[in-house]
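I opened this two-chain model today and kept notes as I went. Here is what I looked up, in the order I looked.

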Amino acid sequence: MIGFWKTWKALEAKGIMGINRRNADYVLKYNKRSLYPIVDDKIITKERAIMAGIHVPEMYGIISTEKEIDKLDEIIGGRNDFVIKPAQGAGGDGILVIADRFEDRFRTISGRIISHEEIEHQVSSILTGLYSLGGHRDRALIEYRVTPDQIFKSISYEGVPDIRVIVLMGYPIMAMLRLPTRQSNGKANLHQGAIGVGVDLATGLTLRGTWQNTIISKHPDTTNSVDGVQLPNWDGFMKLAAGCYELCGLGYIGVDMVLDQDKGPLILELNARPGLNIQIANDCGLTHRAHAVEARLEQLALNGEQETVEERVRFVQELFGLK
Amino acid sequence: MRSITLHLKILITVLVTLGIAITAYQIFVLGIPVTEDETDDLWNIDAKVEFVANTKDPVKIQMFVPPLSHDYVSLNESFISNNYGVSVNRVDGNRKVTWSARRATGNQTLYYRLVLTKRYSGDKPKIKGSVFRDSIAIEGPEKIAAEALLEPIRQHSADIETFVTEAIKRVNNLSDDNVKLLLAGDTSTSNKARITELLLSIAHVPVEKLHTIRLTTDQPQTPELWLRSFNGKDWLYFNPDNGEQGLPTDRLTWWIGDENLVSVEGGKKATVNFTLNNSEMNAIRLAKLTDANTDDHFLGYSLYGLPLQTQQTFMIMVMIPIGVLVILILRNLVGLETLGTFTPVLIALAFRETQLGFGIVLFTIITALGLSLRSYLEHLKLQMLPRLSVVLTFVVVLIAAISLFSHKLGLERGLSVALFPMVILTMTIERLSITWEERGSGHAMKVAIGTLFAASLAHLIMSVPELTYFVFTFPAVLLILVGFMLAMGRYRGYRLTELMRFKAFLKDETK
């Protein structure tokens, strides 16, 4: 019992945020329920982002009824690679990544050859809600396939590594690079076995990582060090993430971004209930940082000011950057 | 945000205060017992009246029956008599039953039966009595003896209480010549009481004779005589044999006055036998029974006012918030992962029918088989609704099969599986399967065990009889629960499992 109490006090002193605090003080306080569809539905997110001039993977088309499945060919056109996603999918389920054509068929990223009918069946499954949260009817989204930047080659196993930034009221407060592993089947979700690597907000240099709630410094598949990697175009990422507040109106979000080798930083999706493992990856608690931003907001509100994306990024980089 | 917090605090305070106040009112003012074990004695008194009827005359037999003052409540009263007309009337604070018949011959037996209990709550009614009476006129040596006796009594007493006690003591001093003279050789209790009354009347102190029945089983009874006197505020009771003051609690007043218990016209040899036995009954149920006979209608507004069948349903229903509270604590304070939020509560309800151990076994078997079917269906790439329908049907067939097998094997318990909510099982299988796919078998097992653990705990707590009784009797407790739940809504401390999860931080620090 005393042991628990000691742990409790120590975690509190470090400002580690627990689920209860995240829910009570941030998710419930800053995220209006009515705005959830914006982040839950990837199509709406994408449309909003395009309107706001934020970079996203290009959308080739949407299929929302069984009848429209016939239009699949038309949507794909002559393209060799594309991604089919459920608009309201969770945990990366139901995503089909086509990397190439093979004769009359398609080749997925893992090398499996699938026929046109199989793709149609996949789309049909998406429409019936097989992959959506709660089994609602869903829409299928066909979009640009992201090719991860070469920089990640050495520290990731298959899949697309992404960058998760927690954004509080437009202020990025913590960032993490998520690297797929063999165990996560190329997916970048931490609970599926991906690695989370902390990122210095000021410089974009990676720190040590977390894997299954423990702290690591090497990728388990490639055994390359995950720390000390300079992420290119870091300020671009920061601005992109900070701008997502204006995009969706939710005050506490996790922004998932990728670095495409041709198009640079792109927004992949937003998350209204970002996980807490990012704290382990950064070896730092969220609470103190969140409080610093809240204090800043209060001060600004007092003066009746508002900060632009650039000002906000500069503010957090100065405050939270590791020197 | 601050105003919301204040609002919440006020709301919690109001709810908790209200809950405590109502419960306290029920316990302390209405006197509703806190546990079910509090039982009240239920007395069954039979008075058997026997007499020999004269052949020709009409028969009229009168007997006193208890007036049922504020101390006792009658639950049932019956007069068992063939061919007799029965009427009950009140005379001077007594109740008298009159049996009458035009013609009766030979030995007659009549019964009077009373089921009563101590009154369980309620205010004392206003009592009144006279504080003055005229002297009974006596002459000659008796007068001198009485006055001689009275003199020391006056000297040794301060008020009515001590006066009466002293008088009784003197009358019981049989070696005293004055007493001998007054009793005239008859030392029966009734005679002593008569002399005591005489003495007291000279001093203008009124006394009444009280005939009581002792509420005790297995001994034959005759009405016991007591004296009582009014001191302006309360009735004071005295034992005419030794001057002891205070009526023991097990005495029931049958009638007051000088008359005999029973009087017969047109008959002879009337005797009355009392038989008592007692049984225990749950205090609340008793109160419900007495409800019709009392002025306290508080129970009419409680859940006990519902029909019995509905009550049983409500007994289960009021425990659901308790189960939910268990889940709330397990999830938000401990951090246990369960399938869905309230699925464990529903499973816990199902355990009521199957018993815990058997319920867990059944749940595990059905879920395991359902999961294997689900994973097979996964290959067929079915849409969600048809797939769920197949799983549900499979679950029904499985339940039927288990029932059949266990019946054939003579395990009647297996039949209770039918009450396992099938839809819940189906949804559990579906959810578990999705968890399995998304987060791996290890996590699915963890969640399944968490769910079973939460369900078992909820079941165990929900089936504590004392708790059920308490919540059912004092539903205001639920307000306190709501207060706690509201407070939990703002709880932002760590969950127990998070302390483990984030241990990585601290290990690093100690290095």
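This is a predicted model: local features need pLDDT of at least 70, side-chain atom pairs count only at pLDDT 80 or more; totals for chains, interfaces and linings use all residues.

I began with chain B, which has 16 helices and 12 strands. Helices (H or I, at least four residues) and strands (E, at least two) are DSSP runs, numbered from the N terminus.

Residues are numbered from 1 along each chain as its sequence is written, and chains are lettered from A and ligands numbered from 1 in the order in which they are written.

I then checked burial: of the 511 residues in chain B, 27% are buried. A residue is buried if 20 or more other C-beta atoms, placed from the backbone, lie within 10 Å of its own.

Next I turned to the sheet in chain A. I found an open sheet of seven strands with antiparallel pairing, in the order β11-β10-β9-β8-β7-β12-β13; two strands pair if DSSP finds at least two bridges between them. Its edge strands are β11 and β13 (264-271) of chain A, each pairing on one side only. From one strand to the next, the twist averages 30°. Helix α7 (residues 234-248) of chain A packs on this sheet and touches β7, β8, β12 (252-260) and β13 of chain A, with its direction at about 40° to that of β13(A). Here axes are lines fitted to C-alpha atoms, for helices over the stretch in contact, and angles run from 0 to 180 degrees between N-to-C directions.

How buried is β8 (residues 171-179) of chain A? I got nine of its nine residues. On one side, β8(A) pairs with β7 (residues 162-168) of chain A over seven antiparallel bridges, and A:Ile166 has A:Met174 as its bridge partner. The two form a hairpin with two residues between them, and A:Met169 in the turn has a positive phi of about 50°.

β8(A) also pairs with β9 (residues 195-199) of chain A, antiparallel over five bridges, and there A:Leu177 stands opposite A:Val197.

Last, the interface: 29 residues of chain A are in contact with 22 residues of chain B, contact meaning C-beta atoms, placed from the backbone, within 7 Å. On chain A, α1 (2-14), α2 (19-30), α6 (116-127) and β11 (214-216) each supply at least two residues of that side.

Notes:
Two residues are in contact if their C-beta atoms, placed from the backbone, lie within 7 Å. A residue is buried if 20 or more other C-beta atoms lie within 10 Å of its own, exposed if 12 or fewer, and partly exposed in between; C-beta atoms are placed from the backbone.
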